[in-house]
Structures are given as C-alpha cells and as structure tokens.
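Keep the sequence and the 3D view open while reading.

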Amino acid sequence: MANTALADPDAGLSQAQLAARYGLRVAGERPSLAEYTRRLWAYRHFIAAYSSAKLVASFSNARLGQLWQVLTPLTNAAVYYLIFGLVLKQNSIPNFIAYLTAGLFIFNFTQTAVQNGTQSITGNLGLIRALHFPRACLPLAVMLTQFQQLMASLVVLMGIVLVTGEPLTVEWLLLVPVVLLQALFNAGLTMAVARMGSKVADLKQVMPFLVRTWMYGSGVLYNVALFEENLPGWATRIVEANPMLVYIELARHALLEGAPLLNSSMVQAWSYAVGWAVVMGVGGFIYFWRGEQEYGRG
C-alpha cells in the first residue's frame, strides 16, 4: 500500500482536491468582477472594430449606403412634424422643428440601442459558442454602433438648429457631457436587456411596444409643459425623473433658446442625468456580469 501511495501521489484524492492541487477551474466559470472588467478592457479594440463593421454591414445593401444614418431620423422627424406640428398644432413652441428633431435624435439613440441590445446575445450564439471572450463585448458593441450613428445625426441636427434661426452659443458645448452621460446610461441599459433577452426570447416582440410607450412619456413629440398641465403633482415629479426626458431636455436647453422645460431647475436635471448614468451604467454591468456563465448554453 505504501508503494502504491509513493507511485501515485494523487491516489485517494477527490476531483475537487485534484482540481485545487493542479490549479484547474470549471470551464466557463464566471470570473471576479475586477477580473471581468480587466478582460473587457483588453477587448476594447475588438468592441470598436466589431461595432464599426456592424454599422457598415447594416447599410451595405442599400443604394444610398450610410446616408440612411441621417435620412432615417430625418424622415421620421418630417412625418412627426406633419402630424404634431401641422395637424395637431403643437407648433406653439418656438422653433418647433428643431425642438422636435432634437427630441427624436436623442431618443432614437436609446431606442435603437435597447431594441438591438435585446437580441445581442441570442443573435450571436454561433460567435459565443465558437470563441471565448467577455460576453459584454456584444451589447457594448451595439451601444457603440448607435453612438456612431448619433454622431452623424447630431451634425444634421446642428445644421437644422442653425438654419431655423437659433444662434451658435457657448451652451452648445453642454451637448458633449449630455451625450456622454446618455451613452453610459445606454451601455448599462443595453447590457441589462441583453441578459433579459437571453432568458426570455419573447422580449424582442414586446420591446417595441415598451419603447414606444416610453417615447410618448418623454416629451419627444410635444411640449413637455403638457405634463404639468394635465398630471397631478406626484405624477409630474415621477415624469421629471424619467431619464429620457432628462437627457432630451438638457440637449434642447443646450441647443435652443426658450425651449420649455419640465424640470424646475438645471441643477435638478443634471443631478438626474448623472444619477441615472451611474446607477444604470454600473447596475447594468453588474447584472450582466452575474449571468456571464449562462450565455450560449442550453
């Protein structure tokens, strides 16, 4: 017996003890949050390249190509202006064209990121099962793709704002932190819906209805003062904290003079903007990380 123990030092050890002795770990085991963050940062170039490739591929079969990045939101703005500006007479707002376009472009950034992010795991199962990489790369690439589209849309938006008579002021610089805070908010939200979408396949069918309802509650198409006029005080306070209404209001305030505001002060609006970006950005990342070992299985 002694000779057997000397010949095989692993004799009698359980599988767990053998794994501990030789530093073996469970395949697909979720890394620590710090290690996961480090790995994700190491894949930052992959995220940027993948998002750019997705953006180019999405317009590769269209005759006008990437020009549709601008034409799509402009067409939507024209339709909504016809309905809300001319038919329903919402043009009592000074420079309603720029007001409406700013709301549509800012909201579209979040709307498209959320809808595409819902399928970022289920739509890439082949890639997930073939390669080992932090799965958060996929929803983050979705957000970054939409961020690139937003950059093109903002150039058009600034042109519309200038053409419709708004002056170029130093407050336009405030659009930079607004968009960056919204991007952080979108990153967390996209990761959250990506995990939910990987568990509930029907979520992609429900999401368009949820996002459309969110749009109507964010003052995209009409004067935000209507909330205060038609809702009780407690409901107005809830609407004021709506993250999309906050980001839209801050963008409009940066670009337009005399844009109506629902939030009582800019300090309150910026507090909401920062708070939502941090809470959703960090919370969405942690929520997605906790399901890392589940993606692509089953």
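## Helix packing and contacts

Helix 3 and helix 14 are roughly perpendicular to each other, because an angle from 65 to 115 degrees counts as roughly perpendicular. In this predicted model, the two helices pack at an angle of about 100 degrees, and their axes are 11 Å apart. Helix 3 covers residues 33-42, and helix 14 covers residues 266-289. On the side of helix 3, the residues that meet helix 14 are L33, Y36, T37 and L40; their partners in helix 14 are F285, I286, F288 and W289.

The whole chain is built from helices: there are 14 helices and 0 strands. Of the 298 residues in the chain, 44% are buried. The chain exposes about 15,400 Å², and carbon and sulfur atoms supply 65% of this area. Contacts between residues at least 6 apart in sequence were also counted, and 77% of them join residues at least 24 apart.

Helix 14 also takes part in the surface. V274 lies in helix 14, and together with V278, V282 and I286 this residue makes a nonpolar surface patch of about 290 Å².

Next come some buried residues. S51 is found in helix 4, residues 44-58. S51 has a relative accessible area of 0%, so S51 is buried. Leaving out residues up to four places away in sequence, S51 touches A141, L144, T145 and Q148. Q146 lies in helix 8, residues 137-163, and is buried with a relative accessible area of 6%.

The C-alpha atoms of R135 and L40 are separated by 8.6 Å, although the two residues are 95 residues apart along the chain. R135 is buried, with a relative accessible area of 10%.

## Salt bridges

The count comes to 4 salt bridges. The table lists three of them.

| Pair | N to O distance |
|---|---|
| E35 and R38 | 2.6 Å |
| R39 and E35 | 3.0 Å |
| E294 and R195 | 3.7 Å |

E294 lies in the segment after helix 14 and R195 in helix 9 (residues 175-199), so this pair ties together parts that are 99 residues apart in sequence. Salt bridges that share partners join E35, R38 and R39 into one network. Within helix 3, E35 and R38 are 3 residues apart, about one turn of the helix. R39 and E35 also both lie in helix 3, 4 residues apart, again about one turn.

Are the members of these pairs buried or partly exposed? E35 is partly exposed, with a relative accessible area of 24%. R39 is partly exposed at 29%, and E294 is partly exposed at 34%. R195 counts as buried because its relative accessibility is 8%, and buried means under 20%.

Definitions and conventions. Residues are numbered from 1 along each chain as its sequence is written. This is a predicted model: local features need pLDDT of at least 70, side-chain atom pairs count only at pLDDT 80 or more; totals for chains, interfaces and linings use all residues. Side-chain values use heavy atoms; hydrogens and water are left out. Patches are made of residues with over 30% relative accessible area and no salt bridge: like charges are joined within 9 Å, nonpolar side chains (Val, Leu, Ile, Met, Phe, Trp, Tyr) within 5 Å. Accessible areas come from the Shrake-Rupley method with a 1.4 Å probe; for residues, only the protein chains shown count as cover. A salt bridge is a side-chain nitrogen of Lys or Arg within 4 Å of a carboxyl oxygen of Asp or Glu. Axes are lines fitted to C-alpha atoms, for helices over the stretch in contact, and angles run from 0 to 180 degrees between N-to-C directions. Angles under 35 degrees count as roughly parallel, over 145 as roughly antiparallel, 65 to 115 as roughly perpendicular and the rest as oblique. Contact means heavy atoms within 4.5 Å. Buried means under 20% relative accessible area, exposed over 50%, partly exposed in between (1.4 Å probe, protein chains only).
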